[in-house]
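Subject: Structure for your files, with notes

Hello,

Here is the structure, with my notes below it. Please read the notes with the model open.

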Amino acid sequence: MKLLQKDIEKDNAGQVTLMPEEAEDMWHTYNLLQVGDSLRASTIRKVQTESPTGSVGSSRVRTTLTLSVTTIDFDSQACQLRVKGTNLEENQYVKMGAYHTIELELNRKFTLAKKSWDSVVLDRIEQACDATQKADVAAVVMQEGLANLVLVTPAMTLLRAKVEVTIPRKRRGSCTQHEKALERFYEAVMQAILRHINFDVVKCILVASPGFVKDQFITYLFKEAVRQDNKILLENRPKFMLVHSSSGHKYSLKEILSDPTVTSRLSDTKAAGEVKALEDFYKMLQHEPDRAFYGLAHVEKAADALAIDTLLISDKLFRHQDVTTRNRYVRLVDSVRDNGGGNVRIFSSLHVSGELRSLYAANCKWPTPL
């Protein structure tokens, strides 16, 4: 995401102009938008024209509209963001108050205006525009006949490819069909890796499976890379890391990122940091329950007592449409940061660390219950 202009007044009202540069920026934009905001962007509008003879025709024209946002729709797999609202500035194509839907596009700027920019939204902009916080982990979670290729970005866990091939069982005296099917499976996974992984950005590629499937696949992968003289794979061989998983399904990714060897390898990535923070909370909840709190009422009491060391909270809560409820969550975050000097981790609801969580939690500094 590129920040082109920022104009925010002392009363926190104002506008920013941003340009999304990659698919994940649409997720950040989705978290910035709220019903009632003003969005100005380029869009396509279908208009009807009437000729002097009375015939009516239609055409599609590009125009720039400013909408009062009423509906926000985000497609997490395609990373597409559609915003519906009423027109605030009349032009030759669209009347004042007419409904229109803008689909935000990559590399096209938009201007977002709010009556109040809170600290959580401003932090989101800073995070989205930080060039160091880009996608850096890919994972291939597999078992015989099934593989899921996942990109783990700082904010999302994106399933990029799912490979399924029927593998016949080995028969006594003949393994030909079994081996041919495995080879087709490995070839399909290899093509998915080449198609979906940007080796210039990704720092580490985790290959995980139960048993020896991962080892057999890596052997096949680099044997084929040598045979085909595939320089991309050969040059990036050190980035591949073999890890054990209980299955080839996507949910095993959380288990993989919790592995200590993986955590040490990925110590500089946001994914590993958030998974470790969540694991630390669960351990404290198990061994020192008097220092671990969850639920809004308990966490707010801990914040009032300046006792929160680490706050874990889902970004889903900041998309609440009720302004009073949303402001309550923002005040909680500001209180932990400003008054208690605590650490705040905002988990993405589309990230592997946040997919199963919608609650918030805190690790408290004192050993007695509230």
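Helix α2 (residues 119-128) packs against α10 at an angle of about 70°, and their axes are 9 Å apart. Axes here are lines fitted to C-alpha atoms, for helices over the stretch in contact, and angles run from 0 to 180 degrees between N-to-C directions. α2 and α10 are therefore roughly perpendicular to each other (angles under 35 degrees count as roughly parallel, over 145 as roughly antiparallel, 65 to 115 as roughly perpendicular and the rest as oblique). On the α2 side the contact (heavy atoms within 4.5 Å) is made by Ser119, Val120, Val121 and Asp123, and on the α10 side by Arg326, Val330, Val333, Asp334 and Arg337. These residues divide into 4 nonpolar, 1 polar and 4 charged. In this grouping Ala, Val, Leu, Ile, Met, Phe, Trp, Tyr, Cys and Pro count as nonpolar, Asp, Glu, Lys and Arg as charged, and the others, Gly among them, as polar. Helices (H or I, at least four residues) and strands (E, at least two) are DSSP runs, numbered from the N terminus.

The model is predicted: local features need pLDDT of at least 70, side-chain atom pairs count only at pLDDT 80 or more, and totals for chains, interfaces and linings use all residues. Residues are numbered from 1 along each chain as its sequence is written, and side-chain values use heavy atoms, with hydrogens and water left out.

α10 also packs with α9 (residues 296-304), at an angle of about 35° and with the axes 10 Å apart. The crossing of α9 and α10 is left-handed (the near helix is turned anticlockwise from the far one by less than a right angle; clockwise is right-handed). From α9, Leu296, Val299, Glu300 and Ala303 meet Arg328, Tyr329, Leu332, Ser335 and Val336 of α10.

Glu183, Tyr186, Glu187, Val189, Met190 and Ile193 of α3 meet Val213, Gln216, Phe217, Tyr220, Leu221, Glu224 and Gln228 of α4. That contact has 8 nonpolar, 2 polar and 3 charged residues. In the loop between α4 and α5 (231-235) lies Asp229, whose phi is near 55°, a positive value in a residue other than glycine.

Next, the pockets and cavities. On a 1 Å grid over the protein atoms alone, a cavity is a set of points where a 1.4 Å probe fits but cannot get out, and a pocket is an open set with protein on both sides within 12 Å along at least five of seven lines; lining residues have an atom within 4 Å of a point. Grid points are joined across faces, edges and corners, and a volume is the space filled by probe spheres set on the points.

The second largest pocket has a volume of about 380 Å³. Its lining has 18 residues, and Gln34, Asp37, Lys115, Ser116 and Val323 lie nearest the centre. Two or more lining residues come from each of β7 (110-114) and α10 (323-338), and α10 gives the most, with 4 residues. By type, the lining of this pocket holds 5 nonpolar, 8 polar and 5 charged residues.

The whole structure has 2 cavities of 30 Å³ or more. The second largest cavity holds about 30 Å³ of space and is lined by Ala41, Ser42, Glu103, Leu104, Glu105, Arg108 and Lys109. These divide into 2 nonpolar, 1 polar and 4 charged.

Asn107 is in the loop between β6 (99-103) and β7. Asn107 is not a glycine, yet has a positive phi of about 65°.

Regards
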